[in-house]
Amino acid sequence: MARRPTADDGVDLAPYIDHSLLSPAATADQVAQWCAEGDRYGFAAVCIAPCHVAQAVDLLHNSKVKVCTVIGFPTGATTSATKLYEAQEAAERGADELDMVINLGWLKAGKTDALHREVATICEETGLLVKAILETAVLSPAEIALAAEVCMDAGASFLKTSTGWQGGATVEVVRQLWEITQGRVGIKASGGIGTAAQAVALVQAGATRIGTSRGVELMRQQKEEPAKEE
């Protein structure tokens with residue numbers, strides 16, 4: 001079983017960070033900035049909207065930084081066919097990882113077969129690493145546990161706490177996901193992560209990725225690097 005870092009280990013946040021730029025108003029210049037920052041700091045991935053995948057792939061083709069995009073974002077309420085098309089198009093454009101919002105209505109209505117089928121189909125048809133976004137802020141602990149089990153069984157490689165649009169990651173939820181997964185899949189904590197101390201606490205609770213738009217700020221805090229004047 002995987003081991004969580006402790007307070008004595010020291011945590012270098014860079015390889016945990018998915019450097020996220022998911023504003024609907026994001027521009028090509030901002031995508032270029034995020035990719036350059038991802039490469040500079042050695043982040044795990046740059047996470048951008050589907051329309052920016054081709055640009056990010058081109059910019060990061062000589063980098064170890066992965067290109068991640070979102071599917072069914074931010075509601076998860078599009079049809080399975082739409083999500084599959086979106087995922088396949090992202091794969092064709094060169095994306096490495098997919099962060100897919102699950103259908104929360106199906107989960108709450110007990111339609112776990114449909115939920116399982118949707119996640120499994122995207123995993124199987126694309127062959128990419130899939131992070132299932134659970135949107136834990138709107139789920140009960142029992143619903144979180146059910147969603148986690150269904151998504152793991154369907155082939156998801158990560159469980160992601162949140163889109164950031166309905167609330168964010170908490171240490172308590174990450175600990176719950178760790179107890180459920182026991183290291184079988186990754187855990188991505190995302191939403192409202194604004195300080196290095198907060199990110200480290202989430203890693204120590206069991207997170208193996210940190211989704212944040214403030215990746216550079218977190219690194220400056222951790223390394224005590226002064227912000228550049230604009």
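The accessible surface of the chain comes to about 10,400 Å², with 50% of that area belonging to carbon and sulfur atoms. Accessible areas come from the Shrake-Rupley method with a 1.4 Å probe, and for residues only the protein chains shown count as cover.

This is a predicted model, in which local features need pLDDT of at least 70, side-chain atom pairs count only at pLDDT 80 or more, and totals for chains, interfaces and linings use all residues. Residues are numbered from 1 along each chain as its sequence is written, and side-chain values use heavy atoms, with hydrogens and water left out.

**Confidence and overall form**

The pLDDT (the predictor's confidence in each residue, from 0 to 100) averages 94 over the chain. A score of at least 70 is reached by 93% of the residues. Over residues 226-230 the pLDDT is below 50. Beyond near neighbours in sequence, that stretch has four contacts in the model. A contact means heavy atoms within 4.5 Å.

The C-alpha atoms fill a box of roughly 50 × 40 × 30 Å, taken along the principal axes. The radius of gyration of the chain is 17 Å, which agrees with the value near 17 Å for a compact globule of 230 residues. That radius is taken over C-alpha atoms, and the globule rule is 2.2 Å times the number of residues to the power 0.38.

Buried residues make up 51% of the 230 residues. Buried means under 20% relative accessible area, exposed over 50%, and partly exposed in between (1.4 Å probe, protein chains only). Of the contacts with a separation of 6 or more, 69% join residues 24 or more positions apart.

The chain has nine helices and eight strands. Helices (H or I, at least four residues) and strands (E, at least two) are DSSP runs, numbered from the N terminus.

| α1 (residues 28-41) | V31, W34, C35, E37, G38, Y41 | 165° |

The arc is that of the directions from the helix axis to the C-beta atoms. The buried residues of α1 fall within 165°, so they line one face of the helix. An α-helix has 3.6 residues a turn, so residues three or four places apart point the same way.

Helix α1 has 14 residues and reaches 20 Å from its first C-alpha to its last. That is close to the 20 Å expected at 1.5 Å a residue; the expected span is 1.5 Å times one less than the number of residues. Its buried residues pack against β1 (17-21), β2 (45-48), α2 (53-59) and α9 (215-223). G42 follows α1, with a positive phi near 70°.

Just after α7, Q182 takes a positive phi of about 50°.

S20 is found in strand β1. S20 is buried, with a relative accessible area of 10%. Not counting residues up to four places away in sequence, S20 touches W34, C47, G211, T212 and S213.

E118 is found in helix α5 (residues 112-126). E118 counts as buried, at 3% relative accessibility. E118 and A91 are 27 residues apart in sequence and 17 Å apart in space, C-alpha to C-alpha.
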